[in-house]
Amino acid sequence: MSVAIPANRYGSVLVKAEGQTHEFAATADRDIPAGRTVRITGIAGNGVIVRDEAAPAASAATRGED
């Protein structure tokens, strides 16, 4: 990741693909500190939605699944 992403605001991520690095605006539902590895989970306008790879996944009970 390039810069920190405050919850529900925009920061930026660096994406390496096909030998090139691209910078994209990115948003997330939680604060993500700079330097973390993130996973792209969707598209938001001209940017991407990401989640922190190091954040623990929500349990089935937390998500409301049985």
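Me: What makes the link between the side chains of aspartate 52 and arginine 36 a polar contact?

Reply: The separation is 3.3 Å. A polar contact is a pair of N or O atoms within 3.5 Å (within protein, one must be able to donate a hydrogen and the other to accept it, and residues adjacent in sequence count only if both atoms are side-chain atoms), so the pair qualifies. Do keep in mind that this is a predicted model: local features need pLDDT of at least 70, side-chain atom pairs count only at pLDDT 80 or more, and totals for chains, interfaces and linings use all residues. Residues are numbered from 1 along each chain as its sequence is written, and side-chain values use heavy atoms, with hydrogens and water left out.

Me: Which backbone atom does the side chain of aspartate 52 reach?

Reply: The backbone nitrogen of alanine 54, at 2.9 Å.

Me: Why is aspartate 52 called buried?

Reply: Its relative accessible area is 11%. Buried means under 20%, exposed over 50% and partly exposed in between (1.4 Å probe, protein chains only), so aspartate 52 counts as buried.

Me: Which residues is aspartate 52 in contact with, leaving aside its neighbours within four places in sequence?

Reply: Ile32, Pro33, Arg36, Thr37 and Val38; contact means heavy atoms within 4.5 Å.

Me: Where in the fold is aspartate 52 found?

Reply: In strand E4, residues 47-52. Strands (at least two residues) are DSSP runs numbered from the N terminus. E4 belongs to an open sheet of four strands in the order E1-E2-E4-E3, with mixed pairing. The edge strands, each pairing on one side only, are E1 (10-17) and E3 (38-44).

Me: How do you know that E2 and E4 pair?

Reply: Two bridges join them, and strands pair if DSSP finds at least two bridges between them, so this pair meets the cut-off. E2 and E4 run parallel, with alanine 26 opposite valine 48. E3 and E4 are antiparallel, with six bridges, and alanine 44 stands opposite glycine 47 there. E1 and E2 (residues 20-27) are also antiparallel, over eight bridges.

Me: What makes Ala26 and Val48 part of a nonpolar core?

Reply: Such a core is a set of buried Ala, Val, Leu, Ile, Met, Phe, Trp, Tyr and Cys residues joined through side-chain atoms within 4.5 Å. The largest one here has seven residues: Ile5, Val13, Ala26, Ala28, Ile32, Val48 and Val50. Beyond its sequence neighbours within four places, valine 48 is in contact with residues including Val13, Phe24 and Ile40.
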